[in-house]
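Subject: Structure handover

Hi,

Here is the structure for you to look over. My notes follow below it.

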Amino acid sequence: MSFREPHDLHKRRWSRNLGLGVVLAVFVSLVFGLTIAKVSQSPIQLPGAAQTGEGN
Amino acid sequence: MTDASFETQTTPGEAQFGDYVALLKPRVMSLVVFTAAVGLLAAPGAIHPFVAFFAVLCIAIGGGASGALNMWYDADIDRVMKRTSRRPIPSGRVAPEEALAVGLTLSGFSVIMLGLATNWAAAALLAFTIFFYAVVYTMWLKRWTPQNIVIGGAAGAFPPMIGWAAVTGGISLESVLMFGLTFLWTPPHFWALALFMKSDYEEAGVPMLTVTHGRRATRRHIFAYTFPLAALAIGTAFTSIGGPLYLAVAVLMNALFVKGAWDILRRDEPLAEADAYRVEKRYFTFSLLYLFLHFGALLAEAALRPWGLGGW
């Protein structure tokens, strides 16, 4: 069984699909980067630790 | 079920990725990005560089989304005007419903992500900006009043305020002055364009000042607007975001801007047509430099401040 030739429709929509894929990958990277930036800005404090003033 | 059962009929000029990017008006976006970044960097307070980058990106996407909604609603007049007839919708490459979907999706996305990344005051300002451009300007004012440019110009003036709010969480005199700078700059900038693109707006039936009140009145309006603009631009130099460098730039640029408007005021139509609107075109190009240098000077003041050089 061999791979079929891509349909003309897929060829014509290649740029659109590739662009959308890149946009989604960039979005995931941005959300990841934002998470890292937010977490590094304010150290996480557990609720119990916040009350007692202890670090862990 | 085979591939043949899927819808495979597509239009000859099928939309490529670049057509969806074009819906976001990338050239307008560059102004939004620049002024928003200046508002953000001039604001007092600290923000993580990545959060700052993300905030500017959200503001740019929000601005782009309102551009897509504008193209969706204005497709009928874009088809008539020479300047806009090759846009994705009038040229048939993107369906109007697709543009509407892109605009609404990106609007919601940009507002929510900006709120999560910075604060909800900045997000609310961005939501209001999108609403102002897409609904107040595009749907209500543009086809109704020759003051469309004056009031609609507010939409393009909000980005530095949003950038400022992203850092400070609110509004202050300085951010209102940055808003005012773009707001008062917009009418003379667009009226100069309307003077030498006259047939476009007339054919589309858009009530530009040149169409409703005549070209003489438009020239007077351009000249009149440069004075409150100059007062505001120079006055900004004496606030916490200004400084000697900004003052020097503001004085020089506003003197040249008033001189350019005076040259436009002195001309009449036969004279302008004789040299193919050379003065009006030069004034329009100069107005871009005018805004860029004002915000550039504010950026320079903010950048020099950590070394004790910026500000007074």
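Is B:D76 buried, partly exposed or exposed? B:D76 is partly exposed, at 38% relative accessible area. The cut-offs: buried is under 20% relative accessible area, exposed is over 50%, and partly exposed is in between, with a 1.4 Å probe and protein chains only. B:D76 sits in helix α4 (residues 75-80) of chain B. Its C-alpha atom is 15 Å from that of B:P207, 131 residues apart along the chain.

Conventions first. This is a predicted model, in which local features need pLDDT of at least 70 and side-chain atom pairs count only at pLDDT 80 or more, while totals for chains, interfaces and linings use all residues. Residues are numbered from 1 along each chain as its sequence is written, chains are lettered from A and ligands numbered from 1 in the order in which they are written, and side-chain values use heavy atoms, with hydrogens and water left out.

**Chain A**

Chain A has three helices and zero strands. Helices (H or I, at least four residues) and strands (E, at least two) are DSSP runs, numbered from the N terminus. The order from the N terminus is α-α-α. Chain A has 56 residues, and 14% of them count as buried.

The expected span is 1.5 Å times one less than the number of residues. Buried residues of α2(B) include B:M29, B:V32, B:F34 and B:L40. The buried residues of α2(B) pack against α3, α8 (159-168), α9 (173-196) and α15 (278-304) of chain B.

Helix α3 (residues 49-73) has 25 residues, which should span 36 Å at 1.5 Å a residue. The end C-alpha atoms of α3(B) are 36 Å apart, so the two values agree. α3(B) is mostly covered, with 18 of its 25 residues buried.

**Chain B: two helix pairs**

How do α3(B) and helix α5 (residues 96-117) of chain B cross? Their axes come within 8 Å and cross at roughly 155°. That makes α3(B) roughly antiparallel to α5(B). Axes are lines fitted to C-alpha atoms, for helices over the stretch in contact, and angles run from 0 to 180 degrees between N-to-C directions. Angles under 35 degrees count as roughly parallel, over 145 as roughly antiparallel, 65 to 115 as roughly perpendicular and the rest as oblique. The crossing of α3(B) and α5(B) is left-handed (the near helix is turned anticlockwise from the far one by less than a right angle; clockwise would be right-handed).

Among the residues in this contact are B:F54, B:I61 and B:W72 of α3(B), and B:L100, B:F109 and B:M113 of α5(B). Contact means heavy atoms within 4.5 Å. By class, the contact of α3(B) with α5(B) has 19 nonpolar, four polar and no charged residues. Ala, Val, Leu, Ile, Met, Phe, Trp, Tyr, Cys and Pro count as nonpolar, Asp, Glu, Lys and Arg as charged, and the others, Gly among them, as polar.

Helix α6 (residues 120-141) and helix α7 (residues 148-157) of chain B pack with axes 8 Å apart, at an angle of about 160°. That makes α6(B) roughly antiparallel to α7(B). Their crossing is left-handed. B:T129, B:F132, B:Y133, B:Y137 and B:L141 of α6(B) meet B:N148, B:I149, B:I151, B:G152, B:A154 and B:A155 of α7(B). The contact of α6(B) with α7(B) has eight nonpolar, three polar and no charged residues.

- B:D19 is in helix α1 (residues 17-22). At 9% relative accessibility, B:D19 counts as buried. Leaving aside neighbours within four places in sequence, B:D19 contacts B:E14, B:P88, B:R93 and B:V94.
- B:M81 lies in the loop between α4 and α5. B:M81 is buried, at 2% relative accessible area. Its contacts, leaving aside neighbours within four places in sequence, are B:D200, B:Y201 and B:A204. B:M81 and B:G205 are 124 residues apart in sequence and 9.8 Å apart in space, C-alpha to C-alpha.

Last, backbone angles. Most residues other than glycine have a negative phi.

- B:K25 is not a glycine, yet has a positive phi of about 50°. B:K25 lies in the loop between α1 and α2 and counts as buried, at 12% relative accessibility.
- B:A276 is not a glycine either, and has a positive phi of about 55°. B:A276 is in the loop between α14 (269-274) and α15 and is partly exposed, at 42%.

Best wishes
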